[in-house]
Amino acid sequence: MLDGVLQEIRARHRFVVTSHARPDGDGIGSALACGQMLRLMGKEAVVVLHDGVPRIYQNLPFAELAIRANEVPANDAVILLECDSTRRTLLNGLDECFLINIDHHLSGRAFADINWIDSTVMATAELVYKLIRRACVPVDHDIATCLYTALMTDTGSFMFAGTNEHTFTVARELVLAGADPAQCARPIYFGHSTAKMRLLGAALSNLHHEGSLSWISVTQDEIKKFQAREEDCEGLVNYALSIFDVQVAIFFRELPDKRFRVSLRSKGEINVSKIAEDFGGGGHKCASGCAIDGPLDRAVSMIIDRLRAESIL
Ligand code: 5GP
């Protein structure tokens, strides 16, 4: 499939590269590296993201070239990274485009004209890295920095289940190509806003712990009170997962429309992508998400009851 993707790229000139709404490190790093690969191949390429580049990723190379938009600009093809549907991008105008889908999610779907889905790798960045190498584009310091950041974030700093010697081989090659691990880590793990830390305090003061399950939540009132941004919620769930006997942690975030965004994390024994899929979402065995109707009590009991059915409590 890698060769099929490359063949379609070689046959075209003007590209849009995108990822899902509320992009994470893998979505951003992979898209920025892929855009640069295309430019180095002599193509026109623009990275278009519905929500733009979150603050902690704004220092990545090529981040200043990414465009925040609701609509795809004119193109010969769109490369979608990390998406299981065109809907996940929240971009309009994709239906008329030639679509190339590159994804590593277990819940990935073959919705595009050409689909390369490989759930054996830890990050879409690994697939983009393979593509860049196969295209004979040199992996320079900037591309390596984008891809290393993507790999580091999607493996939870190389701690999530599934991280193996192959992951470290790719990481090693990216470091040899110029990625600096400490510099990549700093804005992400030591670059939080004060608002995020205050929001974390509110979430943890509301921590529930039942058997091998824990959950936290934040409301729109709290988000407003601390002047937090949507991106300040990223990673809060990991604090609930860090409790010694917890197997699955859940983070509920109230959306402006009163629905709840749900982030599920597992230490590896429970496959949380199955749970998210039951509620119309998806993701990986150890990290998945979905959106469900409020109010909070209802959202919590829907998810907790579903987890009880997995008899993990
Ligand atoms: P997060 O909890 O950080 O929002 O998402 C964790 C993982 O689940 C990410 O890989 C993300 O792409 C995936 N994910 C989150 N929400 C959804 C959703 O609504 N649909 C699908 N298909 N995947 C999701």
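**Ligand surroundings and local backbone features**

In the predicted model described here, an N or O atom in the side chain of arginine 265 lies 2.9 Å from an oxygen atom of the ligand. An oxygen atom of the ligand is 2.8 Å from a polar side-chain atom of histidine 105, and a nitrogen atom of the ligand is 2.6 Å from an N or O atom in the side chain of aspartate 84. On its own the ligand has 490 Å² of accessible area, and the protein covers 88% of this area.

The ligand is surrounded by 16 residues, of which Asp84, Arg88, His105, Arg261 and Ser263 are the closest. Sorted by class, this shell consists of nine polar, five charged and two nonpolar residues. At least two shell residues are supplied by each of strand 10 (260-266), strand 11 (282-283) and strand 12 (287-292). The largest share belongs to strand 12, which contributes four residues. At the level of domains, residues of the shell come both from domain 1 (2-189) and from domain 2 (194-309), and the ligand therefore lies between the two.

Helix 6 spans residues 181-189, and within this helix Cys184, Ala185 and Ile188 are buried. The directions of the buried residues fall within an arc of 95° when the helix is viewed down its axis, so these residues line one face of helix 6. Such an arrangement can be read against the geometry of the α-helix, in which 3.6 residues make up a turn, so that residues three or four places apart point the same way. The other side of helix 6 carries the exposed residues Ala182, Gln183 and Arg186.

Several backbone features call for separate description. As a point of reference, most peptide bonds are trans, and most residues other than glycine have a negative phi. Against this background, the peptide bond that joins glycine 294 and proline 295 is cis, with omega at about -5°. Proline 295 belongs to the loop between strand 12 and helix 11 (296-309); strand 12 is also the element that gives the ligand shell its largest share of residues.

For arginine 22, a residue other than glycine, phi is near 50°. This residue is placed in the loop between strand 1 (14-19) and helix 2 (25-40), and with a relative accessible area of 33% arginine 22 is partly exposed. For phenylalanine 62, likewise a residue other than glycine, phi is near 70°. Phenylalanine 62 is located in the loop between strand 2 (44-49) and strand 3 (67-68). The relative accessible area of phenylalanine 62 is 10%, and this residue therefore counts as buried, the cut-off for that class being under 20%.

The loop between strand 2 and strand 3 also holds aspartate 51. This aspartate is partly exposed, at a relative accessible area of 24%. Between aspartate 51 and isoleucine 67 there are 16 residues of separation along the chain, and their C-alpha atoms are 9.1 Å apart.

Lysine 258 is situated in the loop between strand 9 (248-254) and strand 10, while aspartate 293 is situated in the loop between strand 12 and helix 11. These two residues are 35 residues apart along the chain, with a C-alpha separation of 7.2 Å. Lysine 258 has a relative accessibility of 53% and so counts as exposed, exposure being assigned over 50%. Aspartate 293, with a relative accessible area of 38%, is partly exposed.

From alanine 299 to valine 262 the distance is 8.8 Å, C-alpha to C-alpha, across 37 residues in sequence.

Note on methods:
Residues are numbered from 1 along each chain as its sequence is written. This is a predicted model: local features need pLDDT of at least 70, side-chain atom pairs count only at pLDDT 80 or more; totals for chains, interfaces and linings use all residues. Side-chain values use heavy atoms; hydrogens and water are left out. A residue is near a molecule or strand if one of its heavy atoms lies within 4 Å of it. A polar contact is a pair of N or O atoms within 3.5 Å; within protein, one must be able to donate a hydrogen and the other to accept it, and residues adjacent in sequence count only if both atoms are side-chain atoms. Accessible areas come from the Shrake-Rupley method with a 1.4 Å probe; for residues, only the protein chains shown count as cover. Ala, Val, Leu, Ile, Met, Phe, Trp, Tyr, Cys and Pro count as nonpolar, Asp, Glu, Lys and Arg as charged, and the others, Gly among them, as polar. Domain bounds come from an automatic or database domain assignment. Buried means under 20% relative accessible area, exposed over 50%, partly exposed in between (1.4 Å probe, protein chains only). The arc is that of the directions from the helix axis to the C-beta atoms.
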